[in-house]
Amino acid sequence: MLSWIAALLTGILAARLAQRLCFPYFWKDALFLMKVIRYGARLEVYKKTSKVVTVVDRFIQQAERIPEKPFVIYEGVTVTYGELEARSNRVARVFQHAVKKGDTVALLMSNEPDFISVWFGFSKLGCAVAFLNTNIKSRSLLHCFNCCGAKLLVVGADLLDTLEDILPSLQEDSISVWCMKRESTHPGVHTLLDKIEEASQEPIEAERRSVSCLKTPTLYIFTSGTTGLPKAAVITHLQSLKAAGGFWAYGGTENDVIYTPLPLYHSAASLVGIGGTIELGATCVLKKKFSASQFWNDCRKHNITIFQYIGELCRYLCNQPVAENEKDHRVRMAVGNGLRQDVWKEFHQRFGQIRMCEIYGSTEGNLCFMNHVGKIGAVGRSNFFYKLIFKYVLVKYDMLRDEPMRDENGFCQHVQKGETGLLLSKICSSSPFFGYAGSKQLTEKKILRDVFVKGDAYFNTGDLMAEDHDDFICFKDRVGDTFRWKGENVATTEVTEILGMVDFIQEVNVYGVQVPGNEGRAGMAAVIVGDKCAFDGKKLFDYVQRELPSYARPLFIRLQECMEMTSTFKQQKFGLVKSGFNPSIITDPLFFLDYTQNCYVPLTSCIYDSILNGQKKL
Ligand SMILES: *[C@@H]1O[C@H](CO)[C@@H](O)[C@H](O)[C@H]1NC(C)=O
């Protein structure tokens, strides 16, 4: 550790003169790197001394230091650090004999302060907590219990009804169910609220929660899959501590008020949001559900200075009607992921110069990028030193076969600067991959082996990225979000971004559909037309003709009233792709890119038939 800090410092000094002349980002990079190293050194000490200060330990420290400070504000109720400390002790007291250190318990709750009380309560007992996605349907929910091995479930008062049909199955598996109510109408469901209120708030002895290894699992977080069953990512103390440093690394302080409208069962809100608030000793304003129309009012009401986002959230905010006072707020920065270039620019125009801080890193991944320079459109920033710490590579990807390209010796090939490639991150002791609970097979699927030499292993992010000549890393696409048409690759996000700039289009979702008799997939776009606007086929034709290469132009347009989303606000494509473009099946208005009329024209059955029998040239 010391040796590479020394090496880094020498490197920085040596490179300084030359860099100052040619590299405009030098100081920003260097300062940021120092922060990363400082934080890394702390984790390194934990490793060496086997005395880990976990996120919960950190919370207990803060509760002692600043007991009166507001920790969470939720629907007008303020919970201080001291109050949450006491309440989580009560939760721990209720269960202290019912669970053992090392057990896993499951939590099915919406955003509310007690989500955190229950989470920390069990952490104080040395249990790992599995956060269940509140949108998951019952059958998948049973699967979640199997993969993390939980024998106890705590369910929020508002969510008990959603469990109705699987309660018997849970009882069969002898899983005890506790509901955040005072009375239960369901046989076999224990009430918890009454017991919490009766319990003592004496702290549990520290021995119960102590860990000697950073790699001990502390949480299981289920990553959403649009198809297939959810996977439980193993979150160790190492990852939760890293994530908790996010706000701090971007310059957050204890005076910040952080707005979290994202669900706590995802890592962004729980690890970065709550963990980061604790790290700073700041205040978090928790929202049950994101609301675009209430967003800025909330920010003004609570003097919000930082909010958490995902790209879609910013897009929804931009889609709101313009308000006179929309620049009137104190938000200075936003931390999140997935902000696209077009939305980013519009966001600045509409809501002022808020510093948008992208953090790239999947829940289960072993790699993290931060765009600390704030360059629009980039998810991260790399440089020579960064690459010494994080061993990531971009390799050539075969879109057609949907797998990395291999050379004659079976090894992957690096892409050139500026070229798009699949992002892989080397798995080694300094950046381990902990995989998914209960499934070796799923874990193995995310690992790519024999990449550059026999026996090496890389975490496959599934993301296509490009690194430009200034070392900015840009997200290009998610593997699977591309299709081929006329021998070319079409990145749906790219087309989406471009179509999104058409004035009458409020929202657009681009995907590829199969056309019998044609190789690959033809572009199609589901479109929501903005309020008081009308679809203009001529205008759109001229626009795509101008802005998109011929292979990337959507051949079909489908007008929709609303769009289906996944629980993480991502657009659903699967169903749209499957339903195709047959006007006799689809009731939504369909349009076709007609080069003979220089216009998008209504897709009639007659046109449809001529496409299918090959008379109409595509
Ligand atoms: C927000 O700041 C203003 C001005 O400093 C102050 O008067 C107000 O009480 C603050 N509101 C909250 C909720 O802290």
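A residue is called buried under 20% relative accessible area, exposed over 50% and partly exposed in between, with a 1.4 Å probe and protein chains only. By that scale D450, with a relative accessible area of 25%, is partly exposed. The structure is a predicted model, in which local features need pLDDT of at least 70 and side-chain atom pairs count only at pLDDT 80 or more, while totals for chains, interfaces and linings use all residues. Residues are numbered from 1 along each chain as its sequence is written, and side-chain values use heavy atoms, with hydrogens and water left out. The chain is divided into domain 1 (36–289), domain 2 (380–478) and domain 3 (485–612); these bounds come from an automatic or database domain assignment.

**Contact between domain 1 and domain 2**

- The centres of domain 1 and domain 2, taken over C-alpha atoms, are separated by 31 Å.
- Twelve residues from domain 1 and nine residues from domain 2 take part in the contact, where contact means heavy atoms within 4.5 Å.
- The size of an interface is often given as the accessible area lost when the parts come together.
- Between domain 1 and domain 2 the buried area is about 980 Å², and carbon and sulfur atoms give 70% of it; buried area is the accessible area (1.4 Å probe) that two parts lose on being put together, summed over both.
- On the side of domain 1, K215, K231 and V234 lose the most area to domain 2, together 41% of what that side buries.
- The count of salt bridges between these two domains is zero, a salt bridge being a side-chain nitrogen of Lys or Arg within 4 Å of a carboxyl oxygen of Asp or Glu.
- Two residue pairs, both at pLDDT 80 or more, are in polar contact between domain 1 and domain 2. A polar contact is a pair of N or O atoms within 3.5 Å; within protein, one must be able to donate a hydrogen and the other to accept it, and residues adjacent in sequence count only if both atoms are side-chain atoms.
- Elements that give two or more residues to the side of domain 1 that touches domain 2 are α6 (138–148), β9 (231–236) and α9 (237–244). Helices (H or I, at least four residues) and strands (E, at least two) are DSSP runs, numbered from the N terminus.
- Strand β9 gives the most to this side, with five residues.
- The residues of this side divide into seven nonpolar, two polar and three charged. Ala, Val, Leu, Ile, Met, Phe, Trp, Tyr, Cys and Pro count as nonpolar, Asp, Glu, Lys and Arg as charged, and the others, Gly among them, as polar.

**Salt bridges**

- Side chains of opposite charge can pair when their charged atoms come close.
- In the whole structure, a search finds 26 salt bridges.
- R42 and E279 form a salt bridge through their side chains (3.1 Å, N to O). This pair links distant parts of the chain, with R42 in helix α2 (residues 26–49) and E279 in helix α11 (residues 267–280), 237 residues apart.
- R42 is partly exposed at a relative accessible area of 25%, whereas E279 is buried at 11% relative accessibility.
- A salt bridge also joins the side chains of E254 and R65 (3.6 Å, N to O). Here E254 lies in the loop between α10 (246–249) and β10 (257–260), and R65 lies in helix α3 (residues 55–65), 189 residues apart.
- E254 is partly exposed at a relative accessible area of 36%, and R65 is partly exposed at 49% relative accessibility.
- The side chains of D450 and K454 meet at 3.9 Å, N to O, in a salt bridge; K454 is exposed, at 67% relative accessibility.

**Helix α14**

- In helix α14 (residues 341–351), the buried residues are D342, V343, W344, F347, H348, R350 and F351.
- The cover over these buried residues includes α12 (295–301), β12 (306–310), α13 (311–319), β14 (355–360) and α17 (492–499).

**Positive phi outside glycine**

- S174 has a phi near 45°, a positive value in a residue other than glycine.
- The loop between α7 (167–172) and β6 (176–179) holds S174, which is exposed at 55% relative accessibility.
- D450 is another residue other than glycine with a positive phi, near 50°, and D450 lies in the loop between β21 (447–449) and β22 (457–467).
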